[in-house]
Amino acid sequence: ANLRFLREQIGDDTDIRHIGADTVERSLGDKSPATRRRYINTLSAICRASGHDPKIKRPSAGQGRIRWLTKKEWKALQSAISSSAPHLTAIAEFAISTGLRASNILTLDWSQCDLRRSLVWVHPDQSKSKKAISVPLSKDALKVLKKQRGQHDKWVFPYLGGDPITRVSNHGWKSACKAAGLADIKFHDLRRTFLTVAESLDIS
């Protein structure tokens, strides 16, 4: 799983000699310290086996961060995303309305959605716990899905050309965060916001 993710993020045609700290920040910037450590360990081992030591600094086990958005911050970010990265608008709104991880949202297909019962589910092989997850949908989350209907036969959140979006921590996301004055915000913080203060954001 580590190798597959690294190949998707870095690319097969990247010269291994050019892999360094900037590569890690670009590919793993939205990951938790524990996840970053795991991927950095794998990446460093591959580089060293090829004769290149990237000397990438690993975050310490205790170097965590806790960040969520206030209602004012979310409204500012929501507006900035609509302007700077409109293809991420529905994804961000769904994330903060459900608390689902980015990977689960990006790979969500219509067979996992039951709008009549207001449920979506995550398959065991897609969840971090390796267990199936049933997620009840709030009115806001259900509203997002209804807007997405008809855009693609399979993918709930396709890109403009129909292909699934593969990553959210991209130039558009970072530009939106900067425009909203929230350069320290990561996509995963939308999940933390839902789990911590969803009620204060009027998510229903």
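Student: Which residues of α5 are buried?
Tutor: This is a predicted model, where local features need pLDDT of at least 70, side-chain atom pairs count only at pLDDT 80 or more, and totals for chains, interfaces and linings use all residues. Residues are numbered from 1 along each chain as its sequence is written, and side-chain values use heavy atoms, without hydrogens and water. Buried means under 20% relative accessible area with a 1.4 Å probe, protein chains only; helices are DSSP runs (H or I, at least four residues), numbered from the N terminus. In α5 the buried residues are T89, A90, I91, A92, E93, F94, A95, I96, S97 and T98.

Student: How are α4 and α5 oriented to each other?
Tutor: Their axes, lines fitted to C-alpha atoms over the stretch in contact, come within 9 Å and cross at roughly 155°. Angles over 145 degrees count as roughly antiparallel. The two helices, α4 and α5, are therefore roughly antiparallel.

Student: Which residues of α5 make the contact with α4?
Tutor: Contact means heavy atoms within 4.5 Å. From α4 come W74, Q78, I81 and S82. From α5 come T89, A92, E93 and I96.

Note on methods
Buried < 20%, exposed > 50% of the residue type's maximum accessible area, 1.4 Å probe, protein only. Axes fitted to C-alpha atoms, helices over the stretch in contact; angles between N-to-C directions. Parallel < 35°, antiparallel > 145°, perpendicular 65-115°, else oblique.
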